[in-house]
Amino acid sequence: AVVSTQSTGSLFGLPFVHGSLPHSPLHVRALADIEEHIENGTLSEKIVYVRETRLTTLISHVMIGASILMIPYPLNLIPIPVLYGLFVFLALTSLEEFQLWERLVLIFTEQSLYPPIHYVRKVPQKIIHCFTFLQILQLIGLCLITFGKSVYLKMFFPLFIMFLMPIRERILPTLISERHLQSLDGEH
């Protein structure tokens, strides 16, 4: 099935499907020289120089391939709490760039101390907090389905993900104006 999909797709100019990981944004950022400028209260970044290298990608893929050699024995020696700790560390270090976390912190921050984020200047505080609350409700629903004990409940995970789009496109515009939603959803 995979071979026929690949062959048919390549006839129509579609890219090959493979299990390769996408390039890490942190890796690409580490290879670039970036200058930061503050313009009109907005922090903007300008990429000055990017180092071109394919060696790190090659090494990472060779290491992924070599991990097959570690399948039953050495991987069993890694304690599960160590893996949990690694995942918690990855989650906590990525919170800084997570917009929901930024808006959650704004709930506990005095309004005069708000950072110069683009949506803070365009959207009233009450609407920012309302949007954050609605997203937290959706996240709680997602967590209840994902971490629930019932196997039957977990079967609704794809449906819940699918219903997030109509919630955003149909229900949220009735509660929050489209102009404010564009500011809260977009990057700039």
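The legends below describe close-up views of a predicted model.

Residues are numbered from 1 along each chain as its sequence is written, and side-chain values use heavy atoms, with hydrogens and water left out. Local features need pLDDT of at least 70 and side-chain atom pairs count only at pLDDT 80 or more, while totals for chains, interfaces and linings use all residues.

**View 1. Confidence along the protein chain.** The chain has a mean pLDDT (the predictor's confidence in each residue, from 0 to 100) of 82, and 87% of its residues reach 70 or more. Helices (H or I, at least four residues) and strands (E, at least two) are DSSP runs, numbered from the N terminus.

**View 2. The hairpin of β1 and β2.** Strand β1 (residues 32-39) pairs with strand β2 (residues 42-50) in the antiparallel sense over eight bridges; pairing requires that DSSP finds at least two bridges between two strands. Glutamate 35 stands opposite lysine 46 in β2, and glutamate 39 has threonine 42 of β2 as its bridge partner. Two residues lie between the strands, and asparagine 40 in this turn has a positive phi of about 55°.

**View 3. Threonine 132 in helix α8.** Helix α8 spans residues 125-147 and contains threonine 132. Threonine 132 counts as buried because its relative accessibility is 0% (buried means under 20% relative accessible area, exposed over 50%, partly exposed in between; 1.4 Å probe, protein chains only). Not counting residues up to four places away in sequence, threonine 132 touches Leu100, Arg103, Leu104 and Ile107, where contact means heavy atoms within 4.5 Å.
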